[in-house]
Amino acid sequence: MNSSVLYIARRFGFYLIAAFAALTLNFIIPRLMPGDPASIIFARFKGKLKPEAIDAMRESFGLTNDPIFFQYISYLKSILKGDLGTSIAYFPAPVSEIIGGGLVWTIFLAGTSMIIAFLIGTTLGIIIAWNRTGKLDTILPPTLAFFGAFPYFWLAMVFLYLFGFSLNWFPIGRAYGNEISPGYNLPFFISTLYHAFLPALTLVFVSLGGWMLSMRNTMISTLGSDYITFAHAKGISSRSIMLRYAARNAILPNLTGFGMALGFMLSGALLTEMIFSYPGQGFLLLQAVQTQDYPLMQGIFMTITLAVLGANWLVDIAILFFDPRTRK
Amino acid sequence: MNKPVIKIENLTVDYITEENPIKAVHDVTFEIFSGEIFGLVGESGSGKSTVVQAMMRILPPPALISNGKVIINDKDILTSSDSDIVGFRWKQISIVMQSALNALNPVLSVREQIQDVLKTHKNLIGIDADKRAKELLSLVEIDHDRLDSFPHQLSGGMKQRIVIAIALAIMPPIIIMDEPTTALDVIVEREIIAKVIDLRKKLGLTILFITHDLNLLLEFADRLAIMKNGKIVELDTVENIYAGGKHHYTKKLIGSIPSASGKRQKGLLSKPNSLNLSKSPILEVRNLKKVFQSPGFFNKNKLVAVNDISFKVHKGEIVGIVGESGSGKSTVAKLVTRLIRPSEGFIYLNGENKKVAESRDVPLQYRKDVQMVFQDPFGSLNSIHTVYHHLSRPLFRHRLKNKEEMLSYIIDLLEKVGLTPGEKFAEKFPHEMSGGERQRVAIARALSLEPKIVVADEPTSMLDVSIRMEVLEIFAKMRIKSNLTVLFITHDLASARYLADRIIVLKDGSIIEENDSEKLIQNPKENYTKQLIRAASPGWLSELTN
């Protein structure tokens, strides 16, 4: 087990280096762009601010006339403290606070629907591969492939129009009802579920087929391997062969895929959040781009990068647990 | 040896295809008596594994048992219900599968895989199951610590023993062994067979042993059936088969077995009476070393595949490099052909040492002078191109022939390697040919550039036994005809003896022994060489079991 801990630590070290590289890029790129955020804000207020205010704002954005190296050091320092600067669009709210607010909703919406899609898709994949050429196997893959082929935003809009606008079954925006105050109480909880249902449904609907098909395909090739035939010859029960022998092996590639998707979920839910006006990370990113809110964009890029790296690290650990071949 | 425990009557298995069904097994009938070792011999495609899978009723579709009976202990397996079958498997009959190396589930520990069987059939769990698992490991001489190992942590030989332990878990009276040792090195293979024979004596098992290697079965089987194209062509006692058998196919199989001991049998391969060797070597390898570094940022694991070896090859000579898997013999082949770059050392061709460079920078002339024949005839030809394409590509690349001369040159070449008529073979695609024919094409491709030296890396190990010698003969003939130089790389000492003039024995990346073939066989100096020779000679079993 010692070597496993070492492996996890080594992977962590690797991701730390990658994160460091990403942070550095995040520092360099805005500085290569013409202009600076302070002048953008200054311009937006159209002369209502005194010229001295520009310097004060520059200071608060960390844009000093110090040598670039010192700027870099103070940038790293403030990131370690969780200080990502001040938003322009939501001036003077700090970026970290805004992102924190969006992140919770994205993780809740996209995270849950991804886990649901993964679980259902993988289970369906196992079942239809086991009963290959059965009824389910002839119906499900083409149907889901058919729906998967539609552009996502189109499908989401149809759902929104049909169930939200025409039938009025579900709300057409926001994460919880207008009249409800957020907090740890039941009405709020129910309201969030109610609001998340439709966007989550569309997300599950489009990603389900992918998980199912990839699971089905690896499962079918696994079923052809020698240890499955051997298990049949051993007289092991079908259930045990299906789960412990076939699915346990076939799920490994899907698990890696899950890790990747988990990271991209934070940015990938952009369209969903736009269409359903859901106040998550993607919605924020859209606003940041529209208002040229560089600090906010930078902060969002950084959280996405860190999330991808973190998710990959977690999957590394999960695979270590599921696949003994990765333990030395 | 009283009453038959297995009775197979008129078994016929079809593979259902779009057109007519293909008969994989045709009207096979045989009996196996209690306590005997019955051997079923056949080359690939003979239907021997299909027979076994039909017996266990584990045939994958589209195979269909269309006729016959399989009676095991007075019960017809083929008409039993599915639930009866599950109880019958492993209790009555267990199997050690072909490619047993892949028969273990990679994500379950050895303990779990043994206990699966104990739990299913005997309802043994907990401490009792643990105890039994340990007993089984002792039986096949594996350390008890290995219970918590996973398959990837075990060597091929150990996996094989574990599969045998699983087969013995609840002591069925009958065990089927389907090519149980094909993927193993000779010395390990012999140890495992000795173990099986030993267990059979102790436990009184009945064994059905299936293999393509007739030589192996001659050592220990009681009776043999020889299968070809889904039919049994001969069924007799080992003594009668050994004497040559009645069927011409049996005779051919017996005749194609080279031996690594005793006098050299005549008529297998001809050797020139005198060798016409040049004074200076055509190829010289000096202090060659290859170190592989495991991938990864912080990984410091290094593998020394080839460690400081030196040898010379003269024009017109056939040199055999013999070693087991992991000995570095294939690495030597890749180094000499400059497909990979040596870590240290020099390779001189014709006395010239071209700078040790990246493989893509190797001069075209070197590629022309040193050609290679690969082990896998299925992988070394591109399935979307014809034979003509495969043979013309190198000729165009090296600008040796123009379009007009090409076809007649290629036809000539194909006939040289025994593919007649050449016109017909030139138009064929790889999938239209047998493994042996494909390997001949690969040899023709290597010869097409008239190279100074051909490096043949296990050219026959994936071919059927009965055609191996014929393929090796191509090299022998080409040497006599055009003074070809060959570096013949193999795991099989016996075939190296027949083809090579000189043998280099490789172990763990170093040269153990080097001598003229017959001298090496008759007077081995090193222990390892002696072991190899013993494993490849008749009578090895009695030495091991006593």
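Let's start with chain A: read along the sequence, it runs α-α-α-α-α-α-α-α-α-α-α-α-α. That is 13 helices and zero strands. Bear in mind that this is a predicted model.

Some figures for chain A. Its C-alpha atoms fill a box of roughly 85 × 55 × 40 Å along the principal axes. The chain has 328 residues, and 42% of them count as buried.

You'll find Y7(A) in helix α1, residues 2–32 of chain A. Y7(A) has a relative accessibility of 22%, so it counts as partly exposed. Now look across to I317(A). Y7(A) and I317(A) are 310 residues apart along the chain, yet their C-alpha atoms are separated by 9.0 Å.

On to chain B, and helix α6. This helix covers residues 186–203, which is 18 residues. From first C-alpha to last, α6 of chain B reaches 26 Å, close to the 26 Å expected at 1.5 Å a residue. What comes after α6(B)? G204(B) follows, with a positive phi near 65°.

Which residues of α6(B) are buried? The list holds V186(B), I187(B), E189(B), R190(B), I192(B), I193(B), A194(B), K195(B), V196(B), I197(B), L199(B) and R200(B).

Now salt bridges. Side chains of opposite charge can pair when their charged atoms come close. Over all chains, the count comes to 29 salt bridges. I'll take three, each in chain B.

First up, D198(B) and K195(B). Their side chains meet in a salt bridge at 3.8 Å, N to O. Both residues lie in helix α6 of chain B, three residues apart, about one turn of the helix. Is each partner buried or exposed? K195(B) sits at 11% relative accessibility, so K195(B) counts as buried. D198(B) is at 28%, so D198(B) counts as partly exposed.

Next, R200(B) with D222(B). The closest N and O atoms of this salt bridge are 3.4 Å apart. This pair links distant parts of the chain, 22 residues apart. R200(B) is in helix α6 of chain B, while D222(B) is in the loop between α7 (214–220) and β9. The cut-off for buried is under 20% relative accessible area. R200(B) has 19%, so R200(B) is buried. D222(B) has 24%, so D222(B) is partly exposed.

The last pair is E36(B) and R223(B). Their side chains meet in a salt bridge at 2.9 Å, N to O. Here the partners are 187 residues apart, again linking distant parts of the chain. E36(B) is in the loop between β2 (22–33) and β3 (37–42) of chain B, and R223(B) is in strand β9, residues 223–228. How accessible are these two? E36(B) is buried, with a relative accessible area of 0%. R223(B) is buried as well, at 18%.

To finish, the surface of chain B. Which residues gather in a patch of negative charge there? They are D412(B), E415(B), E423(B) and E427(B). Take E423(B) from that patch. E423(B) is found in helix α14, residues 422–426 of chain B. Its relative accessible area is 46%, so E423(B) is partly exposed.

Conventions:
Residues are numbered from 1 along each chain as its sequence is written. Chains are lettered from A and ligands numbered from 1 in the order in which they are written. This is a predicted model: local features need pLDDT of at least 70, side-chain atom pairs count only at pLDDT 80 or more; totals for chains, interfaces and linings use all residues. Side-chain values use heavy atoms; hydrogens and water are left out. Patches are made of residues with over 30% relative accessible area and no salt bridge: like charges are joined within 9 Å, nonpolar side chains (Val, Leu, Ile, Met, Phe, Trp, Tyr) within 5 Å. Accessible areas come from the Shrake-Rupley method with a 1.4 Å probe; for residues, only the protein chains shown count as cover. A salt bridge is a side-chain nitrogen of Lys or Arg within 4 Å of a carboxyl oxygen of Asp or Glu. Lys and Arg count as positive and Asp and Glu as negative; His and the chain ends are not counted. The place of a charge is taken as NZ of Lys, CZ of Arg, CG of Asp or CD of Glu. Helices (H or I, at least four residues) and strands (E, at least two) are DSSP runs, numbered from the N terminus. Buried means under 20% relative accessible area, exposed over 50%, partly exposed in between (1.4 Å probe, protein chains only). The expected span of a helix is 1.5 Å times one less than its number of residues.
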